[in-house]
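Good morning, colleagues. Please take a moment to look over the sequence and the structure before we discuss the charged side chains and the nonpolar core.

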Amino acid sequence: MPREIGIHHPEHRSRAIGIGERLAVLIDYPASPGCTSPYAPAWIAEMVRRREEAESP
């Protein structure tokens, strides 16, 4: 799944985001306010941001 690859393998992140953009799966999926859309590019960006935030001192 491109989302998991993009989150856990930085060397493949841009390709995973590109695949997610081309496929556009769940692009119109409604997300509640404050929730992250399951659309792969948005999901990857948010999960990477959270991981980096958790790892920083």
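With which residue does Glu 46 form a salt bridge whose closest N and O atoms are 2.8 Å apart? Before I answer, please keep in mind that this is a predicted model. The partner is Arg 50, and the closest N and O atoms of this salt bridge with Glu 46 are 2.8 Å apart. Both residues belong to helix H3, where they lie 4 residues apart, about one turn of the helix. Arg 50 is partly exposed, its relative accessible area being 40%.

Glu 46 also takes part in a salt bridge with Arg 49, and here the closest N and O atoms are 2.6 Å apart. Because Glu 46 and Arg 49 are 3 residues apart in helix H3, about one helical turn separates them. Is Glu 46 buried or exposed? Glu 46 has a relative accessible area of 18%, and because buried means under 20%, it counts as buried. Arg 49, at 39% relative accessibility, is partly exposed.

Let us now follow the chain of charges onward. Arg 49 meets the side chain of Glu 53 in a salt bridge, at 3.0 Å from N to O. These two residues also lie in helix H3, 4 residues apart, which is about one turn of the helix. Glu 53 has a relative accessible area of 52% and is exposed.

How many salt bridges does a search of the whole structure find? The search finds 3. As a general principle, side chains of opposite charge can pair when their charged atoms come close.

I turn next to the nonpolar side chains. In soluble globular proteins, such side chains tend to be buried together. Which residues make up the largest nonpolar core in this model? There are 5 residues in all: Ile 7, Ala 16, Ile 44, Met 47 and Val 48. Helix H3, which spans residues 40–55, contributes the largest share of this core, namely 3 residues.

Finally, consider Ile 7, a member of that core. Leaving aside residues up to four places away in sequence, Ile 7 touches Arg 13, Trp 43, Ile 44, Met 47, Val 48 and Arg 51.

Thank you for your attention.

Note on methods: Residues are numbered from 1 along each chain as its sequence is written. This is a predicted model: local features need pLDDT of at least 70, side-chain atom pairs count only at pLDDT 80 or more; totals for chains, interfaces and linings use all residues. Side-chain values use heavy atoms; hydrogens and water are left out. A nonpolar core is a set of buried Ala, Val, Leu, Ile, Met, Phe, Trp, Tyr and Cys residues joined through side-chain atoms within 4.5 Å. Buried means under 20% relative accessible area, exposed over 50%, partly exposed in between (1.4 Å probe, protein chains only). Contact means heavy atoms within 4.5 Å. A salt bridge is a side-chain nitrogen of Lys or Arg within 4 Å of a carboxyl oxygen of Asp or Glu.
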